Amino acid sequence: MTIIHDAILWLNDPLNWTNPNGIIARTEEHLWISGAAVGLACAVSWPVGVWMGHVGRGGPAVVAMTNLSRAVPTVALLTILPLTVIGFGPPAIILALALFAIPPLLANAYLGVREVDPQVRDAGRGMGLSGWQLLRSVELPLAVPYLANGLRIAAVQVLATATLAAYVNGGGLGMIISRGFGLGLNAGGGQVLAGGLLVALLCLLADGLLVLVERAALPKALRRTDHRPPRSAADPITPTP
């Protein structure tokens, strides 16, 4: 109970919110790093995943990348990349987190296009749509719920994992936890707990907000019918021939 009490006291101290290394500044850093990483991952994953789903190729590669990403520790990437020519600082942290975010985004983009009903595709071709028109007007709108679902998964994962950036002095809310450990659990246990609670709250808020975005992204035609929620990258992926 002492640590909980210390955490409450630490959070109630206005200076811990407003000083240059306080909660507000660290939260802004955390959101900026995470947002940049997810944005970079989306820019790479979505075009590739959508195109692979459209042409119906690359399913095994998507499965392999998704499984491989679960075997590579993110801490290793956060430690190794700053030692390369990239150097220490935000670029290395953002790249490491982007690599962590790519698999769920890529898998959901691929899955979203491949899950389009073949009869819908045939109807589009029967109307004289070209491959590009079919992708833009039929497949991509129907894949939007999957894209939004992948974005939610990736964003929450990155927000949680960005805490580890503190190990290489990368900023964010992890710095609060790291400095609490530096003080020792007897003196800084409350700060460690407070930092952990802040990260958890941020992830929950982001998840709730992106759930609303995911629902809003669902086409109106699909909202009026009863559809199962889209599968996500966390579900087993079977390449569609």
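Me: What is the mean pLDDT of the chain, and what share of its residues reach 70 or more?
Reply: This is a predicted model, where local features need pLDDT of at least 70, side-chain atom pairs count only at pLDDT 80 or more, and totals for chains, interfaces and linings use all residues. Residues are numbered from 1 along each chain as its sequence is written, and side-chain values use heavy atoms, without hydrogens and water. pLDDT is the predictor's confidence in each residue, from 0 to 100. The chain's mean is 79, and the share at 70 or more is 80%.

Me: Which element of the chain has the lowest mean pLDDT?
Reply: Helices are DSSP runs (H or I, at least four residues), numbered from the N terminus. α3 has the highest mean, 88. The lowest, 62, belongs to α11 (residues 220–223).

Me: How are α3 and α9 oriented to each other?
Reply: Their axes, lines fitted to C-alpha atoms over the stretch in contact (heavy atoms within 4.5 Å), come within 9 Å and cross at roughly 125°. Angles run from 0 to 180 degrees between N-to-C directions; under 35 is roughly parallel, over 145 roughly antiparallel, 65 to 115 roughly perpendicular, the rest oblique. α3 and α9 are therefore oblique.

Definitions and conventions
Helix = DSSP H or I, 4+ residues; strand = E, 2+ residues; numbered from the N terminus.
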